Amino acid sequence: MATEKKLDCVILGLLNHEELTGYEIKKRMDTALRYFWGASYGSIYPTLTELVNRGFAQKRDETQNNQNKIIYTITESGREYLRNWLTLPVEKDELRYETLLKLFFGAEAGVSEALQHIEAFRQKTQEELQNLLAAAETLQKVKLEDPAHRYYLLTADFGIKTYQAYLEWCQEAVKELKDLQGEGKG
């Protein structure tokens, strides 16, 4: 169960909710999960093959609109594997932002470069916050339809609070750097 990236469990979690094609799995990862998890087609398809080989998922060929599709579904063994993983302690939560890395070493480039990085981060964060607010609004309306929606809403709420804190930090960081610049030290 020590799968480093845990993509097998991510895919099983998605399949536990609905049957999907590899393309649809990638689409879910690029939308609903993108705020906290990601994967490429180059890792999704080998993982799907592995899940089928291990008996955790099944695949079937289907033709829709003259297009052949491979549809994946979770098996009972896959559900058991997923449930087991969900009970294990979290191995690692990590935060990795290139903006912060560049800011950490920012004295070398100076205040104006750091301010540009912070402004770009602020703009991206503001856009993502708007997306999360819209998603949370939708989830709030449908949370009683499916128990899973309450869990989705909790993750959206986490993102909202996190992004709001990021925006607050951006304001404080800009002020600090402008003060440094005003002192002639940047």
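**Reading the fold and its buried parts**

In this predicted model, the protein chain has seven helices and two strands. From the N terminus on, the order of these elements is α-α-α-β-β-α-α-α-α.

Reader: Why does Thr21 count as buried?
Author: Buried means under 20% relative accessible area. Thr21 has 8% relative accessibility, so Thr21 counts as buried.

Reader: Where is Thr21 found, and what does Thr21 touch?
Author: Thr21 is in the loop between helix H1 (7-17) and helix H2 (22-30). Leaving aside residues up to four places away in sequence, Thr21 touches Lys69, Ile70, Ile71 and Tyr72. A contact here means heavy atoms within 4.5 Å.

Reader: What makes H1 mostly covered?
Author: Eight of the 11 residues of H1 are buried. Among them are Leu7, Val10, Ile11, Leu14 and Leu15, and also Asp8 and Cys9. The cover over the buried residues of H1 includes H2, helix H3 (41-53), strand E1 (57-64), strand E2 (67-74) and helix H4 (76-87).

Reader: How do you know what radius of gyration a compact globule of 186 residues would have, and what does the protein chain have?
Author: The globule rule is 2.2 Å times the number of residues to the power 0.38. For a compact globule of 186 residues the radius would be near 16 Å, but the protein chain has 21 Å. The C-alpha atoms fill a box of roughly 65 × 40 × 35 Å along the principal axes.

Reader: How many of the residues of the protein chain count as buried?
Author: Of the 186 residues, 31% count as buried.

Notes. Residues are numbered from 1 along each chain as its sequence is written. This is a predicted model: local features need pLDDT of at least 70, side-chain atom pairs count only at pLDDT 80 or more; totals for chains, interfaces and linings use all residues. Side-chain values use heavy atoms; hydrogens and water are left out. Helices (H or I, at least four residues) and strands (E, at least two) are DSSP runs, numbered from the N terminus. Buried means under 20% relative accessible area, exposed over 50%, partly exposed in between (1.4 Å probe, protein chains only).
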